[in-house]
Amino acid sequence: MAGRCAILIANGFFPVTEETRADAVAYPWIERCLHEVDRRSSGVDYEVHVWDSTGIPEHLEAIRSHDRAHLWEGEAEIGPGARLSHRDALDQLVARVGDDVEYLVFLDSDALPVADGWLPRMTAVLEEGKAAIGILRDEQAPRVPPFIHVSCLCIRRQQMLATGVTFGGGGDGDEPSLRLTEALTGTGLAVATLERTNAVEAHPILAGLYADLVYHHGAGSRPAWFYGSTDQGADERMRLLLRRAAFDDFDHLVAVLRGQVPNDLWPVDAEGPASGPAPDTDVGSPVGTAAAPAPDPAMFAHYERGTELGRLEHVNRLEYLRSRTILSERLPGGGRLIDVGGGPGTYASWFASLGYRVDLVDPIPLHVEQARQAAARGAAFDAHVGDARQLDIDDRVADAVVMMGPLFHLVAADDRARALAEAYRVLRPGGVLAASAMGRFFLFGHAVAGNEVRSPGVVERISSIVETGDRPDGWGPFPAHAHRPDELGAEVRAAGFVDVQVLAIEGWFHLLGDISARLDDPASASALLDLLHRFESDPGLLESSGHLMAVGRRPAEAD
Ligand SMILES: C[S@@+](CC[C@H](N)C(=O)[O-])C[C@H]1O[C@@H](n2cnc3c(N)ncnc32)[C@H](O)[C@@H]1O
């Protein structure tokens, strides 16, 4: 390779919200990117410049710890509070590269080299006479002509400066990479394209392999919004699924996209590549692979952020302690237990430690993975991806089914009936169901405790939730249903269960701001738990309880 190469990366996330920030912390693409650059660029004379607009300490640390990376901290360079757009950040970087640099390589933080020699292979194309080489984007043609995209683009520094093109400064809908392509081709220069070479496609835009040199996730730190998309929910689910795959085992994902190993990451229908499948991928079910109903996209996105891990041990300790008491007193002493909607496996670990043979089922691949890690660390149990409405489990095999979550996530009464019917089907006669639900006044209590009731519209929304039980999509992080005790009991009985009891789990005491500290005091904890135990069936406590637990029995053959 003739000269020195500068790789320019603008590190940011979009839009800037608490959620996207949490995403960027959980999935630091910049770290992945720098790792793969390092791994695939040995023997090359290169430097890396990263303009950081995140201020996220983990990102800054990843950049600082990379031997060849120079960190430009956006705020330090431009001023407090300044946050540059991706395009403006790239312009800042171009302006800061030294004269000794021959080639500029623009790289998105979710564009990861996949082949040794990726840099020399791009610069060789420039040596052969092309003015630039970049990822081909043509999905908007003919509305927008095909162009080479700045997500991975190599150009001589002098050539870039000679065009006078900057990335920033355009209006809405302006495509700066197109401006650069046109500035080059308009003066008779030729550009080369890095074309998509996937043997296996996950999605028309996401997870592209380009000239088998670079993988581009395509929506690394932003939601999956694409031109011409007909199903944003499916796009988003696929984005999250591919992101997990990229962070879990990047080489495996690339091998799947190259067609080198069987695709065990997402279902592919007989018609060809899926353009946005539901995330019902079975990640190792011991009991089969039948497709389950798709989970709600907002719920999927919420849980894929990893919010559930540790919930019971910290903010919801009272719920955890009380649920364990109720379950200990009512489940059979051992046997096979199915934990439906078991999340990251906190209860499943406990059940397994008590000697139950546990199968955890959950629709969120991250939860299943976390549960498997918990099972590997402590008492063993199985975990697999699945849905309460269609359990991939034989009839009459379980001694107990625990369902703590699905009934408040399934907003349609029919879906809840399906989930309860499935629990009934897999239980042996005489087997026990314990199913929790969110209490009707739970969201009311939280809105008051958090002083959200002052916000416009909240009073109307809370009134509607109390009247109907339904929190529709858009009123919270996911749609939900809040039960009245009688309603929960009626649903469980309608599924065929007998001896049904509905119990208050934590009352309204989770709303006390210092509840966790009180539970640290053994005298306070045992007094509160004792009182809750005594009044768990009291109608007053039940109606106001944050969560409810219904316990019922599948009738024995002799009943
Ligand atoms: C609040 S978490 C509770 C997790 C765990 N059971 C616990 O009590 O800590 C709700 C769980 O229900 C799961 N879930 C939601 N809809 C489901 C469905 N249709 N089938 C099975 N699980 C579902 C979610 O993925 C999530 O793990």
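**A guided reading of the model**

I135 stands opposite H149 in β7. Strand β6, residues 132-137, is joined to strand β7, residues 147-156, by 6 bridges, and the two run antiparallel; helices (H or I, at least four residues) and strands (E, at least two) are DSSP runs, numbered from the N terminus. This is a predicted model, in which local features need pLDDT of at least 70 and side-chain atom pairs count only at pLDDT 80 or more, while totals for chains, interfaces and linings use all residues. Residues are numbered from 1 along each chain as its sequence is written.

The open sheet is formed by 7 strands in the order β3-β2-β1-β4-β7-β6-β8, with mixed pairing, where two strands pair if DSSP finds at least two bridges between them. At its edges are β3 (69-73) and β8 (191-194), each of which pairs on one side only. On average, neighbouring strands of this sheet are turned by 20° against each other, direction ignored; axes are lines fitted to C-alpha atoms, for helices over the stretch in contact, and angles run from 0 to 180 degrees between N-to-C directions. Helix α6 (residues 118-127) packs on the sheet, where it touches β1 (4-11), β2 (46-52), β4 (101-107), β6, β7 and β8, and its direction makes about 75° with that of β7; residues are in contact if their C-beta atoms, placed from the backbone, lie within 7 Å.

Turning to the ligand, 22 residues surround it, the closest being G341, G343, A388, M404 and G405; a residue is near a molecule or strand if its C-beta atom, placed from the backbone, lies within 6 Å of it. Both α13 (346-353) and α15 (406-409) supply at least two residues each to this shell.

Two helix pairs remain. The axes of helix α12 (residues 317-330) and helix α21 (residues 522-534) come within 11 Å and cross at roughly 50°, and α12 and α21 are therefore oblique to each other. Their contact is made by L321, R322 and T325 of α12 together with L529, L532 and H533 of α21. Helix α17 (residues 442-449) and helix α18 (residues 458-468) have axes that come within 9 Å and cross at roughly 160°, and α17 and α18 are therefore roughly antiparallel to each other; angles under 35 degrees count as roughly parallel, over 145 as roughly antiparallel, 65 to 115 as roughly perpendicular and the rest as oblique. Here L443, F444 and A447 in α17 meet V458, I462, I465 and V466 in α18.

Note on methods: Two residues are in contact if their C-beta atoms, placed from the backbone, lie within 7 Å.
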